[in-house]
Amino acid sequence: MSQAPRRKHREVIEEFLALKGKRVADIGCGDGGLVRLMTRLGARVTGIEPSAGQIARARAAEPAGDEDYLQAGAEDLPLPDASLDIAVFFNALHHVPVGLMDKALQEAARALKPGGLLYIQEPIAGGPNFQATRLIDDETEVRAKAYQALQAAARGPLFAAEREYTYFAPIRHDSFELFRDRMIAVDERRRPKVEALEGELRAAFEANAVRRDGGFEFDQPCRLNLLRRA
């Protein structure tokens, strides 16, 4: 991993996904940032997200085109069978409850056309960004469980493994306050702990960030897995 390239998520997405004209679902879409990016790159995208707050933020944002959003969990996708060319879990699979991860991947398989592509990008439990956030939510175990679930899916019969790729993604925050608010927006259950430990969280943020161009940057090690629907 130490020799992995430093690349922006967008660069990796554009390299590995031919999006123009494709029917795509972003499963666990959060506030819809990736949905809007893929829409601008020519895809017809539906964002799916269980959090009402995140869905509200996604729908309130300036649309990039004809994207739409549905509130649902990954384990019960409101999509027809064989309706997708591409299904995406971007920093999302480890947020699915561990007992539902296998079902979520089965649902993605159901919604994908034969030969369709499953794109799973997950943060690796390490690096400066992880050190800054683990005080509030140490995701070491759930990230490992997500990787185990996708490896099991890749062994078939629904999917075949196509590619694994690791890289460092720069994550930028203009201030500690925006970093703090983002942590809460991703999972509202974090709020009491963030508020109780704000001083320690600020210290971890400042100790692990690199100051660059008036903001704060962290390198996050990431793993991309591409699976092909059988």
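Biologist: Quick one to start: is α2 mostly covered or mostly open, and how many of its residues are buried?
Modeller: Mostly covered. Keep in mind that this is a predicted model. In α2, six of the eight residues are buried.

Biologist: Which ones are they?
Modeller: L34, V35, R36, L37, M38 and T39 are the buried residues of α2.

Biologist: And what covers them?
Modeller: Quite a list! The cover over the buried residues of α2 includes the helices α1 (9-16) and α3. It also includes the strands β1 (23-27), β2, β3 and β4 (84-90).

Biologist: What about R40, buried or exposed?
Modeller: R40 belongs to helix α2, and R40 counts as exposed because its relative accessible area is 55%, where the cut-off for exposed is over 50%.

Biologist: How far is R40 from P50?
Modeller: Those two are ten residues apart along the chain, and their C-alpha atoms are separated by 24 Å.

Biologist: OK, which residue with a positive phi follows α2?
Modeller: That's G42, with a phi near 105°.

Biologist: Let's move to α3. Which of its residues are buried?
Modeller: Helix α3 runs over residues 52-60, and Q54, I55 and A58 are buried there. These three sit on the same side of α3, because they cover an arc of only 100° around the axis.

Biologist: What lies over that side?
Modeller: The cover for the buried residues of α3 includes α2 (33-40) and α7 (176-186), along with the strands β2 (44-49) and β3 (68-71).

Biologist: Zooming out, how many helices and strands does the chain have?
Modeller: Nine helices and eight strands. The chain is as compact as a globular protein of its length, because its radius of gyration is 17 Å, close to the 17 Å that the globule rule gives for 230 residues.

Biologist: What does it span along its principal axes?
Modeller: The C-alpha trace spans about 50 × 40 × 35 Å.

Biologist: How much of the chain is buried?
Modeller: Buried residues make up 49% of the 230.

Biologist: And what share of the contacts links residues 24 or more positions apart?
Modeller: It's 74%, counting contacts with a separation of 6 or more.

Terms used
Residues numbered from 1 in each chain as written. Predicted model: local features only at pLDDT ≥ 70, side-chain atom pairs only at ≥ 80, totals over all residues. Heavy atoms only, no water. Buried < 20%, exposed > 50% of the residue type's maximum accessible area, 1.4 Å probe, protein only. Helix = DSSP H or I, 4+ residues; strand = E, 2+ residues; numbered from the N terminus. Arc of directions from axis to C-beta. Contact = heavy atoms within 4.5 Å. Rg over C-alpha atoms; globule rule 2.2 N^0.38 Å.
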